[in-house]
Amino acid sequence: MGALDYIFYFCSIPTTKTKLKSMQTVEIKVKMDCDGCERKVRNAVATIRGVKSVEINRKQSKVSVEGYVDANKVLKRVQETGKKKAEFWPYVPQHVVTYPYASGVYDKRAPANCVRTSQTFPASSSSQDTQDQLLNFFNEDNVNSCSIM
């Protein structure tokens, strides 16, 4: 470290350390009707610091942003263009979801082979509880058990 670096370090104003963002892909659902809408969204997102690439699929109403960015900041910037109904991409591939045809999961507007990300069914740990209840139902120690046996 040279003398000039030491003086610069000594005289510089202390700043708060910002947390480094990791490389990520942010996917947003935005309704775009024309080339002007697409261009407006692309320019708004491309000016964010840390953005490496912007891909827009107007047919699916999907914007994919790759880079060292904050997801909420990207969503806010898209909403500032006048697209108030912009939201994070709510769909996942159909084979990832446990119950893809449950109510609240299947969406007619979803792209092909995709469903909404919400899970309406309990996790597998509760199925173990259900099995225990069924086994205890026919247990001899249970007073209220079935008398057919």
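What follows is a set of questions and answers on this predicted model.

Q: What makes up the chain in terms of helices and strands, and in which order do the elements run?
A: The chain has four helices and six strands. Starting at the N terminus, the order is α-β-α-β-β-α-β-β-β-α. Of the 149 residues, 26% are buried. Among contacts with a separation of 6 or more, 50% are between residues 24 or more positions apart.

Q: Where does K29 lie, and what surrounds it?
A: K29 is in strand β1, which covers residues 24-29. Leaving out residues up to four places away in sequence, K29 touches S61, K85, A86, E87, F88, W89, P90, Y91 and R116. The side chain of K29 also has a polar contact of 3.1 Å with that of Y91.

Q: How do you know that the 3.1 Å pair of K29 and Y91 is a polar contact?
A: The distance limit for a pair of N or O atoms is 3.5 Å, and one atom must be able to donate a hydrogen and the other to accept it. The 3.1 Å between the side chains of K29 and Y91 is within that limit, and the pair is listed as a polar contact.

Q: What is the nearest side chain of opposite charge to K29, and how far away is it?
A: That side chain is E87, 4.0 Å away. K29 is buried yet has no salt bridge.

Q: What makes W89 and Y91 an edge-to-face pair?
A: The structure holds one aromatic pair. In this pair, W89 and Y91, the ring centres are 5.2 Å apart and the planes are at 80 degrees. W89 and Y91 are both buried.

Q: Why is P90 called buried, and where does it lie?
A: Its relative accessible area is 8%, and the limit for buried is under 20%, so P90 is buried. P90 sits in the loop between β4 (87-88) and β5 (91-93). P90 touches K29, V115, R116 and T117, not counting residues up to four places away in sequence. Between P90 and I28 the C-alpha distance is 8.3 Å, with 62 residues separating them in sequence.

Q: What is the phi of S61, and why does S61 count as buried?
A: The phi of S61 is positive, about 60 degrees, although S61 is not a glycine. Most residues other than glycine have a negative phi. S61 lies in the loop between β2 (51-57) and β3 (62-67). Its relative accessible area is 11%, under the 20% limit, so S61 counts as buried.

Q: What makes K62 and E27 a salt bridge?
A: The N to O distance between their side chains is 3.4 Å. A salt bridge needs a side-chain nitrogen of Lys or Arg within 4 Å of a carboxyl oxygen of Asp or Glu, so this pair qualifies. K62 lies in strand β3 and E27 in strand β1, so the pair ties together parts 35 residues apart in sequence. K62, at 17% relative accessibility, counts as buried, and E27, at 30%, counts as partly exposed.

Q: How many salt bridges does the structure hold, and which residues are linked in a network?
A: There are five salt bridges. D35, E38, R42 and R58 are linked in a network of them. R42 and E38 have their closest N and O atoms 3.4 Å apart, and both lie in helix α2 (residues 35-46), four residues apart, about one turn of the helix. D33 and K31 form another salt bridge, at 3.8 Å, and both of these residues are exposed.

Methods. Residues numbered from 1 in each chain as written. Predicted model: local features only at pLDDT ≥ 70, side-chain atom pairs only at ≥ 80, totals over all residues. Heavy atoms only, no water. Helix = DSSP H or I, 4+ residues; strand = E, 2+ residues; numbered from the N terminus. Buried < 20%, exposed > 50% of the residue type's maximum accessible area, 1.4 Å probe, protein only. Lys, Arg positive; Asp, Glu negative; His and termini not counted. Contact = heavy atoms within 4.5 Å. Phe/Tyr/Trp six-rings, centres within 6.5 Å; stacked < 30°, edge-to-face > 60°.
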